Amino acid sequence: MVLFIDNVNLVALQRNRVIERLKTFVEESLAPPVRMMVVSSEPRLAVRLPFTDDRAAVLAVLEQVAGESAGRLRRDRDRREILDWMEEVSRDARMDVLEFLQTAQVMVVKTQVQAQILAYVEQEADILEDSLTAIYGVLRMVGELEGRRILIHVSNGLPMTPGLDLLHEFQTVF
């Protein structure tokens with residue numbers, strides 16, 4: 001069994017709540033012949049603990065991981081700032097007037113927002129690719145072992161289409 005703590009795609013508070021549940025799971029489930037391995041993304045894949053049936057060792061590593069930084073919060077904040085910026089622009093009553101939409105000031109703002117969205121989308125796409133590569137690497141590594149293999153991936157989720165909501169909002173505003 002592999003516990004994959006995806007720090008890059010986690011919010012720290014949610015990660016720590018889930019880790020508390022994982023500790024309970026480990027205490028209840030880890031007994032020979034079951035062996036667990038703990039890996040994390042930081043942002044590259046790191047084996048935190050090779051396969052073991054030592055419950056105390058797994059719990060200690062989970063405690064360690066709970067104290068580390070998580071990357072999702074900053075990216076969520078960046079996304080929120082872009083949405084707030086577009087909301088502020090859309091509240092301008094002049095946005096309904098075609099002539100205003102074609103002014104240099106609006107064109108500059110539109111270009112700036114578009115650049116922010118593209119930078120965000122590129123960053124999210126790169127992170128998604130790295131995350132999927134890491135998951136694939138773990139699956140390949142354990143795929144050669146005998147017996148049952150289980151991967152528990154702990155994250156706030158992976159986007160299917162990074163930034164799509166921002167692109168839709170951009171289209172709505174401009």
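Modeller: Happy to! Four strands form an open sheet with mixed pairing, in the order E3-E2-E1-E4. This is a predicted model, where local features need pLDDT of at least 70, side-chain atom pairs count only at pLDDT 80 or more, and totals for chains, interfaces and linings use all residues. Residues are numbered from 1 along each chain as its sequence is written, and side-chain values use heavy atoms, with hydrogens and water left out.

Colleague: What makes E3 and E4 edge strands?

Modeller: Strand E3 (45-52) and E4 each pair on one side only. Two strands pair if DSSP finds at least two bridges between them. E1 and strand E2 (residues 36-41) are joined by four bridges and run parallel.

Colleague: Why is H3 called roughly parallel to H6?

Modeller: Helix H3 (residues 72-90) and helix H6 (residues 164-173) pack at about 10°, their axes 10 Å apart. Angles under 35 degrees count as roughly parallel, so H3 is roughly parallel to H6. The contact (heavy atoms within 4.5 Å) includes Ile 82 and Met 86 of H3 and Leu 166 and Phe 170 of H6.

Colleague: Why does Glu 146 count as exposed?

Modeller: Exposed means over 50% relative accessible area, with a 1.4 Å probe and protein chains only. Glu 146 has 79% relative accessibility, so Glu 146 counts as exposed. Glu 146 sits in the loop between helix H5 (104-143) and strand E4 (151-154).

Colleague: Which element has the lowest mean pLDDT?

Modeller: Helix H4 (residues 98-101), at 60, on the predictor's confidence scale from 0 to 100. Where pLDDT is low, the predicted coordinates should not be read in detail.

Terms used: Helices (H or I, at least four residues) and strands (E, at least two) are DSSP runs, numbered from the N terminus. Buried means under 20% relative accessible area, exposed over 50%, partly exposed in between (1.4 Å probe, protein chains only). Axes are lines fitted to C-alpha atoms, for helices over the stretch in contact, and angles run from 0 to 180 degrees between N-to-C directions. Angles under 35 degrees count as roughly parallel, over 145 as roughly antiparallel, 65 to 115 as roughly perpendicular and the rest as oblique.
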